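Work through the exercises below with the sequence and coordinates open. Each task is followed by its solution.

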Amino acid sequence: MPGTGEGGKRARSSGECAYDPSVVAHDDTFFRTLVESASDAIVTVDETGGIVFANPAVEPTFGYSPTALVGRSVTTFVPQEQRARIRGAFEALQSNPEIGTEWESVETVGRHRDGRLIPIELSLRTHEHEGTPLLTAIVRDVSDRHEERIERRRERDLTEQILRTVPTGLLVLSTDGVIERMNDRAGEILGADPAGVVGDSRETDAWRLLDADGEPVPPSERVFQRARDTGRPVTEVEQQVVRADGGRVWVQVSAAPLAGGEGGDRVVLAVEDITRQKERERRLREQNEQLERLDRINAVIREIDQALVRATTRREIDDAVCDALAAADPYTAAWIGDVTARSDEVEPRATGGDIDAYLEAITVTRSEEPHGNGPAGRAIRSRSVQVTHDVATDGAFDGVREAAEAHGVRSAASVPLVYDETVYGVLTVYAADAGVFDETEQDVLAELGATIGHAINAVATRQALVAERVTELTLAVDDESNFFSALSAAEDCEVAFEGATVQSDEAFRYYLTVAGADPDDVVAFADAHRSVASARVVSVGPEGDCLLEVSLEGTTVFGVVARYGGTVRSVHAADGECELVVDLPLSASVRTVVDALRSRFDGVTIRAQQDRTRAEDGPLPSRATLGTDLTDRQRTALETAYYAGFFEWPRESTGEDVAETLGVSAPTFHKHLRVAERKLLDALFDGERTVDRH
């Protein structure tokens with residue numbers, strides 16, 4: 001043995017044990033006790049595979065008592081599939097003991113006495129005893145470790161399954177910002193292959209992060225860095241992701257730090273796709289904005305409607321409309337341009353807002369050239385709402401774009417003011433922002449334009465009825481589509497207009513005196529004429545003249561004149577030529593009215609034109625004021641009875657005839673007639689009878 005060391009101890013080298021001889025006896029009692037008390041099973045076999053030694057730990061490990069094992073083959077607890085491996089190891093260790101490290105703590109399985117396999121950790125050593133080669137196996141039952149490993153594997157598999165199936169995108173980053181894990185859902189949301197991204201830094205080119213305003217998110221403001229630096233979770237931060245393919249999605253990102261673990265500190269990111277939610281929010285926001293816009297527009301329309309009801313002149317209508325629109329957000333200004341046949345240029349006749357200087361800098365024409373490509377010119381020609389969504393990109397504003405920008409004009413909408421095919425002007429509204437005039441705004445403005453056109457027509461008509469001075473126009477019409485001209489030519493007769501009444505469907509019924517023609521022939525011709533809806537002879541006079549009641553379809557001379565606030569005083573037709581005497585308001589354009597007639601009828605000429613004062617009939621009330629208290633039904637009943645000869649003696653039409661013409665019962669006709677007669681008499685005699693008998 002080597003020499004004794006310090007403290008009387010001696011040591012063995014080359015892998016031998018070291019012991020203190022003062023404590024450890026020279027016999028093998030100490031070592032036997034040590035082997036017998038070991039918790040690991042120790043089994044020694046000879047070269048034939050027979051067991052020559054087994055310590056007590058083999059019983060709790062394999063279920064065999066040590067005495068039962070000695071003399072038996074090692075195959076007793078070595079499974080069939082492991083026997084060749086053990087034999088090969090024994091032979092290899094015998095020939096080359098240096099490879100023993102290969103059989104240090106090798107995990108395999110052993111067979112328990114009850115037949116079950118148990119996981120073991122095996123270490124093998126070869127040695128000789130009295131010239132006999134032996135193999136000693138130190139066996140440790142690692143069932144607990146195996147179960148723990150299985151449980152960890154099960155947890156890992158479960159985690160992997162969760163990562164694959166969870167609808168939330170998950171990423172795991174090291175504290176250095178390196179992407180260590182990324183599930184498939186995150187790849188779908190971010191538009192990247194997880195296998196190709198893992199290992200990249202958070203500054204990867206696979207996607208870009210933008211904030212809610214579309215600006216790049218600085219690294220210091222990203223949820224990863226905030227969670228890492230503060231050590232606290234960061235939740236539900238909304239951002240935009242621009243994918244590598246250019247697609248853009250809205251995401252909600254949360255981050256939480258993970259301390260410790262096998263891999264050290266990490267940060268977990270959760271990414272949810274909220275694109276649909278943001279789209280729903282956008283639509284809801286647009287709907288709310290649209291409702292707010294509609295409320296605002298309706299408030300403006302109500303204000304304008306009230307102003308139109310109060311207005312008594314066109315000027316009042318124009319000013320009220322422009323002022324109301326200019327004061328309503330998001331509009332900034334409005335103007336109404338005059339549209340007449342006298343000039344191709346559209347001249348402003350009313351403005352609202354600070355827009356006069358801009359209007360002085362531009363020129364608008366009805367025709368396309370030279371200045372009619374803007375919304376106002378297009379609206380006049382198309383008779384529909386026309387819009388410029390952005391002055392900066394509309395070619396119609398070339399040359400005036402700087403002026404528009406200087407006066408805060410970014411978008412515009414023009415609305416024709418039309419009533420019954422007559423254009424009374426064009427309304428243009430400006431806004432300081434682009435894209436203001438969407439379809440909703442256009443629809444509302446179109447309805448507003450029709451309302452304004454109707455109001456202007458009503459004012460013009462009312463002024464024509466009560467004006468002291470009018471323009472008297474004598475016209476000739478030579479067109480077979482005009483029923484008066486056609487009837488006089490076909491039957492070689494004279495036709496004179498007696499009056500007209502309004503039917504329940506707002507169509508007109510005309511009463512004509514026809515002289516020099518057989519009444520039956522007159523009715524037959526009327527029934528065959530394309531413009532006649534119905535006709536009947538009301539009465540025949542002693543000279544053979546007949547009173548003809550006729551309803552006309554389509555555009556008539558009366559309708560065209562009425563559009564411009566005029567009235568037809570008389571009509572006489574002979575030899576195919578029809579002469580009309582028309583009263584027009586002084587404000588009406590004679591040329592415009594004549595042009596409108598010529599666009600519908602051939603052979604329209606002006607025979608005379610003069611301004612005159614309306615004739616009054618002494619102390620009696622004027623015609624305009626005499627029937628102001630009559631309802632529409634009462635007036636219609638009275639006029640129809642008058643023109644149908646109900647008041648003649650003898651009567652040319654009975655009450656039943658008139659009632660049939662009106663499409664009502666005889667009692668209803670008589671009721672309306674009596675009330676109308678009493679109202680006229682009350683007006684005639686200055687209301688001496690005041691009892692209301694409605």
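**Exercise 1: cysteines**

Searching the whole structure gives zero disulfides (a disulfide being a pair of cysteine sulfur atoms within 2.5 Å). The model is predicted: local features need pLDDT of at least 70, side-chain atom pairs count only at pLDDT 80 or more, and totals for chains, interfaces and linings use all residues. Residues are numbered from 1 along each chain as its sequence is written, and side-chain values use heavy atoms, leaving out hydrogens and water.

Solution. Step 2: Cys546 has 1% relative accessibility, so it counts as buried (buried means under 20% relative accessible area, exposed over 50%, partly exposed in between, with a 1.4 Å probe and protein chains only).

**Exercise 2: aromatic pairs**

Task: classify the pair Phe484 and Phe558 by its ring geometry.

Solution. Step 1: rings of Phe, Tyr and Trp (its six-membered ring) pair if their centres lie within 6.5 Å; planes under 30 degrees apart count as stacked, over 60 as edge-to-face and the rest as tilted. The count by this rule is nine aromatic pairs. Step 2: the ring centres of Phe484 and Phe558 are 5.9 Å apart with planes at 40°, so this pair is tilted. Step 3: Phe484 is buried at 3% relative accessible area, and Phe558 is buried at 13%. Step 4: Tyr510 also forms a tilted pair with Phe558, at 4.7 Å centre to centre and 40° between the planes.
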